[in-house]
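Dear colleague,

I am handing over the structure below, together with an account of what was found in it. Please read the notes with the model open beside them.

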Amino acid sequence: MSTFLSSVAVLLSTLALVCSGYTTYQLFALQKTLNTTPAGSGDAIAPKQTVSSPAMTTSSVPDISPTLASSHAAIQPGEFLQPAFGKKAQVELLAAKRIKDPQTGNHDVVALQMRIRRFAPNGVDPSESIEVFNTIARNPDTSETYKGVSSERSTGKVSLFSLRPQASADAYVWLRVPEDVQTIDIFVPDTAAFKGVPISS
């Protein structure tokens, strides 16, 4: 009986050894296949990534950015603020946009928009008004000055006395500025000067 059991045990051990060897061979073959596949696919993908990415960063960005900056120059909120009548009021430039003169068809007019805010709670004289129509522009390169198109193309004047403290009023004036001028200095009466104001189109 013991001889029979020993023979069965030897047979089972032999079968287990054969199965283990076959399983080891299959795992080795599978690992070899997995190791060779990514290397081939990675070599095919890498050249596409290295070729396309640098082409976009070197060719488009440097050429486009200067064009956008020059053609879309505009005043940003809070960029141009100056006190008026001492510290009784404040003038903020909202926009300086080049437009076409409806009478001549020329683009030698700049529509200047501004906001006038009263700060003084009291002590404002009834005669203290900002004469928007007398606003003057100046070429910072040549010092040539440019006046308004006409009194009819402006708000006229804004009286500080008529404004409540902390209240504001919007105003505008058309200035005759040559088409080739892109930056101007602005002088609003009784207000500190605005330097380097960009003209947007």
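Which residue takes a positive phi in the hairpin of S9 and S10? In this predicted model, the residue is Asp190, with a phi near 60°, and the hairpin has six residues between its strands. Strand S9 covers residues 183-187 and strand S10 covers residues 194-198. The two strands pair in the antiparallel sense over three bridges, and Thr183 has Pro198 in S10 as its bridge partner.

Ser143, which is not a glycine, has a positive phi of about 65°; it is found in the loop between strand S5 (136-138) and strand S6 (145-146). Gln166 is also a residue other than glycine, and its phi is near 75°. Gln166 is placed in the loop between strand S7 (158-159) and S8, and with a relative accessible area of 47% it is partly exposed. For context, most residues other than glycine have a negative phi.

The mean pLDDT of the chain is 77, with 64% of its residues at 70 or more. Over residues 36-72 pLDDT stays under 50, and for this stretch the model has four contacts beyond four places in sequence.

The sheet and the core

An open sheet is formed by four strands in the order S1-S2-S3-S8, with antiparallel pairing. Strand S1 (81-84) and strand S8 (168-176) stand at the edges; each has a single partner strand, so one side of each is left without a neighbour in the sheet. On average, neighbouring strands of this sheet are turned by 30° against each other, direction ignored. S1 is joined to S2 by four bridges, and Gln82 has Val91 in S2 as its bridge partner.

The largest nonpolar core has 32 residues, and those with the most contacts inside it are Leu93, Met114, Val177, Ile186 and Val197. At least two residues of this core come from each of S2, S3, S8, S9 and S10. For Ile186, leaving aside neighbours within four places in sequence, the contacts include Leu93, Leu112, Leu175, Phe194 and Val197. Thr135, Ile136 and Ala137 are also among the residues in contact with Ile186.

Salt bridges

The count of salt bridges comes to five. Three of them are described here.

- Glu128 and Lys88 meet through their side chains at 3.0 Å, N to O. Glu128 lies in the loop between S3 and strand S4 (129-130) and Lys88 in the loop between S1 and S2, so the pair ties together parts that are 40 residues apart in sequence. Glu128 counts as buried at 14% relative accessibility, whereas Lys88 is partly exposed at 23%.
- Asp108 forms a salt bridge with Arg176, and the closest N and O atoms are 3.2 Å apart. This pair links distant parts of the chain, with Asp108 in the loop between S2 and S3 and Arg176 in strand S8, 68 residues apart. Asp108 has 18% relative accessibility and therefore counts as buried, while Arg176 is partly exposed, with a relative accessible area of 30%.
- Arg115 and Asp170 meet in a salt bridge at 2.7 Å, N to O. Because Arg115 lies in strand S3 and Asp170 in strand S8, the pair ties together parts that are 55 residues apart in sequence. Both partners are partly exposed, Arg115 at 29% and Asp170 at 48%.

Asp108 and Arg176 also belong, with Asp101, to a network of salt bridges.

The loop between S2 and S3

Asn106 lies in the loop between strand S2 (89-99) and strand S3 (109-118). Its relative accessibility is 37%, so Asn106 counts as partly exposed. Not counting residues up to four places away in sequence, Asn106 touches Ile99, Lys100, Asp101 and Glu179. Asn106 and Pro178 are 72 residues apart in sequence, yet their C-alpha atoms are 9.5 Å apart in space.

With kind regards

Key:
Residues are numbered from 1 along each chain as its sequence is written. This is a predicted model: local features need pLDDT of at least 70, side-chain atom pairs count only at pLDDT 80 or more; totals for chains, interfaces and linings use all residues. Side-chain values use heavy atoms; hydrogens and water are left out. Buried means under 20% relative accessible area, exposed over 50%, partly exposed in between (1.4 Å probe, protein chains only). Contact means heavy atoms within 4.5 Å. Two strands pair if DSSP finds at least two bridges between them. Axes are lines fitted to C-alpha atoms, for helices over the stretch in contact, and angles run from 0 to 180 degrees between N-to-C directions. A nonpolar core is a set of buried Ala, Val, Leu, Ile, Met, Phe, Trp, Tyr and Cys residues joined through side-chain atoms within 4.5 Å. pLDDT is the predictor's confidence in each residue, from 0 to 100. A salt bridge is a side-chain nitrogen of Lys or Arg within 4 Å of a carboxyl oxygen of Asp or Glu.
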